[in-house]
Amino acid sequence: MFSLVMRAHTSHQFDEDLGRLKDALLLMGGMIESMLKEANAALINNDATIASKVIDRDNQLDQMEKKVDELAIQILAIRQPAAVDLRFVTASMKICTDLERMGDIIVNICERVIELSLLKQLKPYHDLPKMMELTANMISKSIDAFIRESPEIASEVLKSDDEIDHYFRFIYEELLEMMKKDPEAVERGMKLTFIAKHLERMADHATNIAEQVVFTVKGLDIRHSGHPSPTP
């Protein structure tokens with residue numbers, strides 16, 4: 001569950017503006033978590049109806065993205081923030097883009113789930129749901145790290161990315177072997193591989209958010225640096 005922290009400013013209105021920006025990002029993050037949870041249920045239950053409902057929610061997420069951008073631009077224009085506040089607002093816009101792209105990825109996952117619902121299930125789903133749960137946890141922690149301005153929580157997200165990569169390699173290799181042994185398994189195996197790849201990409205976006213936390217709080221750009229520890 002996300003928590004909200006605030007810095008005190010001489011302008012009460014400035015605090016309120018930042019609070020609205022944080023609330024909007026929290027709402028987006030919560031919707032992403034909810035959509036991914038429903039996508040997971042759709043996969044496990046082979047339920048195209050649930051998957052379709054998730055896809056229908058993407059438009060609402062797009063509208064949230066517009067609201068975050070409008071709030072951030074308004075703060076930049078009117079409040080002219082500096083230092084950590086400036087980094088917070090600009091990072092908010094980047095994080096908003098990451099969240100919106102996560103929504104697009106969830107739509108792609110649900111489209112594969114709908115296609116799979118028309119086919120005989122290839123195998124019991126164990127690792128993919130676990131991968132989805134871990135990805136959702138990374139997303140939750142990354143947003144919480146940003147709202148709390150916590151490099152410590154961000155560091156946990158960065159470490160989790162390796163576990164997601166491990167899941168992807170394991171799932172990919174298992175499905176590849178199944179497809180080699182049974183040509184009829186190729187269509188289903190490829191769709192499941194796409195879902196795993198989509199989840200890996202979502203984890204990358206969560207990692208992007210965690211990197212923005214380190215930049216916001218410490219002024220350090222750790223992108224493309226192998227993720228050295230952002231904490232002392």
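## A tour from ring to core

Start at phenylalanine 168: the charged end of lysine 197 sits over this ring, 5.1 Å from its centre. Here a charge counts as over a ring if NZ of Lys or CZ of Arg is within 6 Å of the ring centre and within 35 degrees of the ring normal. The model is predicted, so local features need pLDDT of at least 70, side-chain atom pairs count only at pLDDT 80 or more, and totals for chains, interfaces and linings use all residues. Residues are numbered from 1 along each chain as its sequence is written, and side-chain values use heavy atoms, with hydrogens and water left out.

**Stop 1: the aromatic pairs.** Select phenylalanine 88 and phenylalanine 146. Rings of Phe, Tyr and Trp (its six-membered ring) pair if their centres lie within 6.5 Å; planes under 30 degrees apart are stacked, over 60 edge-to-face, and the rest tilted. That rule gives 2 aromatic pairs. Phenylalanine 88 and phenylalanine 146 are stacked, 4.5 Å centre to centre with 10 degrees between the planes. This pair links distant parts of the chain: phenylalanine 88 is in helix 4 and phenylalanine 146 in helix 5, 58 residues apart. Helices here are DSSP runs (H or I, at least four residues), numbered from the N terminus. Buried means under 20% relative accessible area, exposed over 50%, partly exposed in between (1.4 Å probe, protein chains only).

Phenylalanine 168 is buried, at 14% relative accessible area. Tyrosine 172 is partly exposed, at 37%.

**Stop 2: helix 3.** Select 58–78. Helix 3 has 21 residues and reaches 31 Å from its first C-alpha to its last, close to the 30 Å expected at 1.5 Å a residue. The expected span is 1.5 Å times one less than the number of residues. Colour Asp58, Leu61, Met64, Glu65, Val68, Leu71, Ala72 and Ile75, which are buried. Look down the axis of helix 3: these buried residues fall within an arc of 130 degrees, so they line one face. The arc is that of the directions from the helix axis to the C-beta atoms. On the other side, Glu70, Ala77 and Ile78 are exposed. The buried residues of helix 3 pack against helix 1, helix 2 and helix 4, with contact meaning heavy atoms within 4.5 Å. After helix 3 comes glutamine 80, with a positive phi near 45 degrees.

**Stop 3: the core.** Select Leu99, Ile106, Ile109, Leu192, Ile195 and Met202. They have the most contacts inside the largest nonpolar core, which has 71 residues. Such a core is a set of buried Ala, Val, Leu, Ile, Met, Phe, Trp, Tyr and Cys residues joined through side-chain atoms within 4.5 Å. The largest share, 14 residues, comes from helix 1. Now centre on isoleucine 106. Beyond its neighbours within four places in sequence, isoleucine 106 is in contact with Ile32, Met35, Leu36, Ala39, Val54 and Met202.

**Last stop: helix 1.** Helix 1 has 34 residues and reaches 49 Å from its first C-alpha to its last, close to the expected 50 Å. Just after helix 1, asparagine 46 takes a positive phi of about 55 degrees.

Conventions
Helix = DSSP H or I, 4+ residues; strand = E, 2+ residues; numbered from the N terminus.
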